[in-house]
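Subject: Handover of a structure and notes on it

Dear colleague,

Please find the structure for your study below. My notes come directly after it.

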Amino acid sequence: MYDFPDSEGLQRITREICERGGVVSSVCHGYCGLLNTRLSDDSYLIAGRRMTGFAWTEEVLARVDKLVPYNAEEKAKERGALYVKATLPFVPYVVTDGNLVTGQNPRSAKATAKKVVEAIEGNASME
């Protein structure tokens, strides 16, 4: 959450994977690494894409809202993401939008991994 948003290396790798049609994925606060990632056309990778990540409600309920440096959910929305979250906090929740697969919280890791495999298999069958 602290280092990922401004990591030029992470942004470059993520952009290259995305633009080559590869699967880009994150779970929980990992989506912070997608917040400032721009594609070659200078648009945000997450703009106009359905996605999820650790919700602000979860930050508040975990009592860390005063400790985190920013509201990642809000930042995603500011960058044009179509951020969605589970109705209930802390339950597994995964969103797939093309080659972007995101999980809301740590409990979403297994389901997110399964969706990543499905997305990779889908890409392989298109070749």
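This is a predicted model: local features need pLDDT of at least 70, side-chain atom pairs count only at pLDDT 80 or more; totals for chains, interfaces and linings use all residues.

Residues are numbered from 1 along each chain as its sequence is written, and side-chain values use heavy atoms, with hydrogens and water left out.

The sheet

As background, the strands of a sheet pair through backbone hydrogen bonds, in either a parallel or an antiparallel sense. Strands here are DSSP runs of E with at least two residues, numbered from the N terminus, and two strands pair if DSSP finds at least two bridges between them.

An open sheet of mixed pairing is formed by three strands, in the order β1-β5-β4. Its edge strands are β1 and β4 (94-97), each of which pairs on one side only. From one strand to the next, the twist averages 10°; the angles run from 0 to 180 degrees between the N-to-C directions of axes, which are lines fitted to C-alpha atoms (for helices, over the stretch in contact).

β1 and β5 (residues 100-103) run parallel and are joined by four bridges. Here S26 stands opposite T102 in β5. On the other pairing, β4 and β5 are antiparallel, again over four bridges, and V95 has T102 in β5 as its bridge partner. The hairpin of β4 and β5 has two residues between the strands, and G98 in this hairpin takes a positive phi near 65°.

Which way do the residues of β5 point? L100 and T102 point one way, V101 and G103 point the other way, and all are buried. Buried means under 20% relative accessible area, exposed means over 50%, and partly exposed lies in between (1.4 Å probe, protein chains only).

Most residues other than glycine have a negative phi. C28 is found in the loop between β1 (24-27) and β2 (50-51). D42 is found in the loop between β1 and β2, and D42 has a positive phi of about 75° although it is not a glycine.

Are these residues buried or exposed? C28 counts as buried because its relative accessible area is 13%, whereas D42 counts as exposed because its relative accessibility is 51%.

Yours sincerely
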